[in-house]
Amino acid sequence: MKKAQLTTNEMIDFNGLTDPLLYREFIFKMADYCDTFLLATYVDEHSHNITNIDDFKKSRWGFLAAGIVDYEYTDATPVTQGPKMLLIYFKMTRQSYGYLTRRKNIYDFIDFEHPSKHQYNWLWDLAFVKNQKVFFCSCTHEKFCFLDLEAYRSLYGQ
């Protein structure tokens, strides 16, 4: 991951976002607070459909393409290392906000409407960026997330 770096501030566990109402409130706050958000998808030999950004734009997530501000190929997201991934940076648009708020909670990024034999056909590991620093990151399959303590205080006044 080169286009944004994980914050050097203290990160806190932030797992209350499994509650649908708290999750939607969080996304509402993020719409004003973040510069961009990012999602990852695998692009290695197991990806089946997506091997590059043009494939992404033609995929079932193509409706998000207007919000893409940057992307990179990497073997590391803010929370995982592994096979080659496409890390996509989005601005918050009406479409992307709608997509995020339709998720049931912070871990609802595995697409059961379009089942796959492999996990590689999903968008996941939602993260938020401000001033080129990742201040929130989640790991969809391991079900954990962290929030920068300073961002928490700014967003929640504590």
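Glu25, Phe26, Lys29, Met30 and Tyr33 of helix H1 are in contact (heavy atoms within 4.5 Å) with Ala151, Ser154, Leu155 and Tyr156 of helix H4. The residues of this H1–H4 contact comprise six nonpolar, one polar and two charged; here Ala, Val, Leu, Ile, Met, Phe, Trp, Tyr, Cys and Pro count as nonpolar, Asp, Glu, Lys and Arg as charged, and the others, Gly among them, as polar.

The model is predicted: local features need pLDDT of at least 70, side-chain atom pairs count only at pLDDT 80 or more, and totals for chains, interfaces and linings use all residues. Residues are numbered from 1 along each chain as its sequence is written, and side-chain values use heavy atoms, with hydrogens and water left out.

The protein chain has four helices and eight strands, taken as DSSP runs (helices H or I, at least four residues; strands E, at least two) numbered from the N terminus. Their order from the N terminus is β-β-α-β-α-β-β-α-β-β-β-α. Of the 158 residues, 51% count as buried, that is, under 20% relative accessible area with a 1.4 Å probe, protein chains only.

H1 (residues 20-33) and H4 (residues 149-156) pack at an angle of about 100°, with their axes 11 Å apart. H1 is therefore roughly perpendicular to H4, a class that covers 65 to 115 degrees. The axes are lines fitted to C-alpha atoms over the stretch in contact, and angles run from 0 to 180 degrees between N-to-C directions.

| Helix | Buried residues | Packing partners of the buried residues |
|---|---|---|
| H4 | Leu149, Ala151, Tyr152, Leu155 | S2 (11-13), H1, S7 (133-139), S8 (144-148) |
| H3 (residues 94-102) | Ser96, Gly98, Tyr99, Leu100, Thr101 | H1, S3 (36-42), S6 |

In H4, Leu149, Ala151, Tyr152 and Leu155 are buried. Viewed down the axis of H4, its buried residues fall within an arc of 155°, so they line one face of the helix; the arc is that of the directions from the helix axis to the C-beta atoms. At the start of H4, a side-chain oxygen of aspartate 148 lies within 2.7 Å of the backbone nitrogen of glutamate 150. Glycine 157, with a positive phi near 65°, follows H4.

Valine 129 is located in strand S6 (residues 124-130) and counts as buried at 3% relative accessibility. Its C-alpha atom is separated by 5.8 Å from that of aspartate 35, 94 residues apart along the chain. Not counting residues up to four places away in sequence, valine 129 touches Ala4, Cys34, Asp35, Thr36, Leu38, Val134 and Phe135.

Note on methods:
Parallel < 35°, antiparallel > 145°, perpendicular 65-115°, else oblique. Buried < 20%, exposed > 50% of the residue type's maximum accessible area, 1.4 Å probe, protein only. Polar contact = N/O pair within 3.5 Å; in protein donor to acceptor, adjacent residues only side chain to side chain.
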